[in-house]
Amino acid sequence: MYTLSKNLKTFAFILMALGIIGIAYGFFSAPKTTAEVEQILNEQAHHDGGHHADHSEVSDADHDAHQKHLEHVLTQMQNKPWTAVYVACIFVMLVSLGILAFYGINYAAAAGWSPVLFRVMEGLTAYLLPGSIIFFLLLIASAAGGNHLFIWMDPAVVEHDALIQGKTGYLNIPFFFIRAIIFLGGWNLYRIYMRKQSLKLDETGDLTFHKKMFKASAGFLAFFIVTESMASWDWIMSIDTHWYSTLFGWYVFASFFVTGITTIAFSTLYLKSKGYLEFVNTSHIHDLAKFMFGLSIFWTYLWFSQFMLQWYSNIPEEVTYFIFRIQEYNLPFFGMLLLNFVLPLLLLINTDFKRLSWIVVMAGTCIIVGHYLDFFIMISPGTVGGSWFIGVPEIAALMFFIGLFIYVGFTAISKAPLLAKNNPLIEESKHFHY
Amino acid sequence: MSNKFIHAIYNDDDVLLDAVKETRSAHHHIEEIYTPFPVHGLDKAMGLKPTRLAICAFLYGLVGLAFGTSMMYFIMIVDWPQDIGGKPSFSFIQNMPAFVPIMFEMTVLFSAHLMVLTFFFRSKLWPFKSAENPDVRTTDDHFLMEVALKGDEDTAIEFFKGTGAVEVKVIEK
């Protein structure tokens with residue numbers, strides 16, 4: 001039985017407290033009028049010689065009027081703290097969903113190596129419920145007009161936009177929320193159901209619970225792949241309402257799935273180092289590291305497939321998505337490839353390295369930072385455009401949600417024995433050796 | 001140094017694995033083991049060094065990557081930088097996404113094929129090579145351990161019978 005250590009609890013609370021302060025600072029320091037924006041722009045022009053000061057490339061044909069331009073930048077700057085919270089919120093929530101998907105896959109595939117890690121996964125996915133509640137509140141705030149994250153939610157924008165008008169059959173607020181409730185509700189139901197059955201299986205040793213879980217997992221995976229894809233259109237792709245990509249759902253999935261597995265590896269290494277997981281050996285770590293390695297490459301494959309197809313055909317309606325990112329987000333856009341592909345590839349290709357905790361932690365850190373950047377680059381260009389910066393609000397929001405994730409996840413881990421003792425595959429898993 | 005060898009034949013891989021451990025702890029030198037299929041853990045029991053084939057494959061992959069990159073660079077950028085459908089051929093990096101599939105496939109091609117050739121070369125396998133099989137049954141259902149004869153012949157035979165061998169022969173090479 002695991003007990004949440006005092007240090008970890010304090011650490012999580014400090015992260016959350018600093019996060020809240022930073023988020024509040026972000027909202028407080030966002031400009032409220034165009035006059036403030038003008039002042040900021042003038043200051044920037046003085047400071048960095050017009051590096052970010054020149055916002056003339058911020059799309060839209062209507063920026064010749066200075067006032068229009070200022071209003072445009074004002075919207076971007078007001079969106080900035082919202083975007084910071086939104087990116088961090090959806091990222092951490094989807095990471096816990098990735099862990100849940102990995103859990104479901106391992107259950108449905110009757111994997112013999114992973115049952116010793118099931119309780120870690122079950123615990124970490126406890127974040128899904130609070131995470132999706134906060135996320136849902138953010139969506140409500142967006143729809144209520146609290147921010148301009150989704151331009152299609154603004155009737156004034158849609159009125160003059162024939163392209164969005166053509167999409168209102170799908171992109172309208174009531175249907176959007178119905179979908180969000182189905183997606184989040186379905187995932188959470190599965191998580192709660194599995195946790196209950198798993199604890200009952202532990203108590204009674206009755207294998208009918210195992211069969212129920214197996215069936216639920218198979219059903220969930222079918223539900224998941226459809227809803228995940230649609231959710232990524234709704235919550236991420238619809239921010240760039242004029243753009244579309246057919247493999248986007250897969251791409252988003254690969255991104256949070258690999259981060260989810262990295263999170264499992266991190267938590268396992270942490271619990272192991274505290275002496276709580278006696279049956280986890282280097283072979284289990286090795287397997288997790290193989291998944292991290294393979295899925296990093298899978299993510300890169302999808303990233304490149306999406307980028308290269310649109311770059312190659314160079315159709316204006318598609319390619320503006322990437323042109324804007326390359327021009328305005330050059331360093332994170334390509335730096336992310338180094339973090340998400342090159343470093344994990346070189347660090348984790350060696351079999352012996354995959355068994356060393358510090359190598360796995362190093363590669364995992366690259367993956368987590370890289371995929372946060374990935375989500376940032378998916379969302380931020382559509383909401384804050386060229387006025388982006390990864391500063392206090394962004395880091396604080398990430399700290400808050402990571403703190404909450406650690407607190408909720410590890411509290412849930414401490415509520416059940418760390419070894420699912422009556423799982424029919426647990427013996428095999430205990431002696432797993434690669 | 002005598003040129004006599006003992007051929008101990010087993011009909012079960014578990015017995016073989018135990019026999020290998022006993023033989024090693026009795027300090028007999030195992031020359032070779034013939035098995036009809038891969039026996040998991042046999043290389044560890046025999047104390048064989050791990051293969052370096054994967055390292056070779058990685059290096060061959062690098063060679064393939066370098067080959068693909070330099071080939072595309074020379075042909076498409078240096079030698080004849082034509083405008084083909086508006087693709088920018090002013091520098092390598094500008095047109096790189098179009099070369100990535102080739103660079104990738106070259107890496108895999110070199111890595112896979114050169115590694116296979118290395119494997120054939122190192123394990124001395126080629127067409128028309130005469131088989132080095134000491135006993136035809138080892139390709140079907142028997143396991144044969146060849147050990148250099150050390151000391152007295154009869155005690156050695158006795159020892160290998162004791163390890164569970166179904167048949168022990170002394171041969172001279």
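The legends below describe close-up views of a predicted model.

**View 1. Contact between chain A and chain B.** Seven residues of chain A touch eight residues of chain B. About 640 Å² is buried between chain A and chain B, and carbon and sulfur atoms give 81% of that area. In chain A, the residues that lose the most area to chain B are A:F304, A:W311 and A:Y312, which together account for 63% of what that side buries. Helix α11 (residues 282–313) of chain A supplies the largest share of this side, five residues. By class, the residues on the chain A side divide into seven nonpolar, no polar and no charged. Between the two chains there are zero salt bridges, and one residue pair is in polar contact.

**View 2. Overall layout of chain B.** Chain B contains five helices and four strands. From the N terminus on, the order of elements is β-α-β-α-α-α-β-α-β. The radius of gyration of chain B is 26 Å, well over the 16 Å that the globule rule gives for 173 residues, so chain B is more spread out than a compact globule. The C-alpha trace of chain B spans about 85 × 30 × 30 Å along its principal axes. Of the 173 residues in chain B, 29% are buried. Among contacts in chain B with a separation of 6 or more, 76% are between residues 24 or more positions apart.

**View 3. Salt bridge between B:E153 and B:K4.** The closest N and O atoms of B:E153 and B:K4 are 3.1 Å apart in this salt bridge. The pair links distant parts of the chain, with B:E153 in helix α5 (residues 153–162) and B:K4 in strand β1 (residues 4–10), 149 residues apart. B:E153 is partly exposed at a relative accessible area of 28%, and B:K4 is partly exposed at 27%.

**View 4. Salt bridge between B:D135 and B:K169.** The side chains of B:D135 and B:K169 form a salt bridge with an N to O distance of 3.7 Å. B:D135 lies in the loop between α4 (96–122) and β3 (143–148), and B:K169 in strand β4 (residues 167–172), 34 residues apart. B:D135 counts as buried because its relative accessibility is 10%, under the 20% cut-off. B:K169, at 30%, is partly exposed.

**View 5. Salt bridge between B:E132 and B:K129.** In this salt bridge the closest N and O atoms are 3.1 Å apart. B:E132 is exposed, with 57% relative accessibility, whereas B:K129 is partly exposed at 25%.

**View 6. Salt-bridge network in chain A.** A network of salt bridges links A:R119, A:E122, A:R195 and A:D202. Over all chains, the whole structure has 13 salt bridges.

Key. Residues are numbered from 1 along each chain as its sequence is written. Chains are lettered from A and ligands numbered from 1 in the order in which they are written. This is a predicted model: local features need pLDDT of at least 70, side-chain atom pairs count only at pLDDT 80 or more; totals for chains, interfaces and linings use all residues. Side-chain values use heavy atoms; hydrogens and water are left out. Contact means heavy atoms within 4.5 Å. Buried area is the accessible area (1.4 Å probe) that two parts lose on being put together, summed over both. A salt bridge is a side-chain nitrogen of Lys or Arg within 4 Å of a carboxyl oxygen of Asp or Glu. A polar contact is a pair of N or O atoms within 3.5 Å; within protein, one must be able to donate a hydrogen and the other to accept it, and residues adjacent in sequence count only if both atoms are side-chain atoms. Helices (H or I, at least four residues) and strands (E, at least two) are DSSP runs, numbered from the N terminus. Ala, Val, Leu, Ile, Met, Phe, Trp, Tyr, Cys and Pro count as nonpolar, Asp, Glu, Lys and Arg as charged, and the others, Gly among them, as polar. The radius of gyration is taken over C-alpha atoms; the globule rule is 2.2 Å times the number of residues to the power 0.38. Buried means under 20% relative accessible area, exposed over 50%, partly exposed in between (1.4 Å probe, protein chains only).
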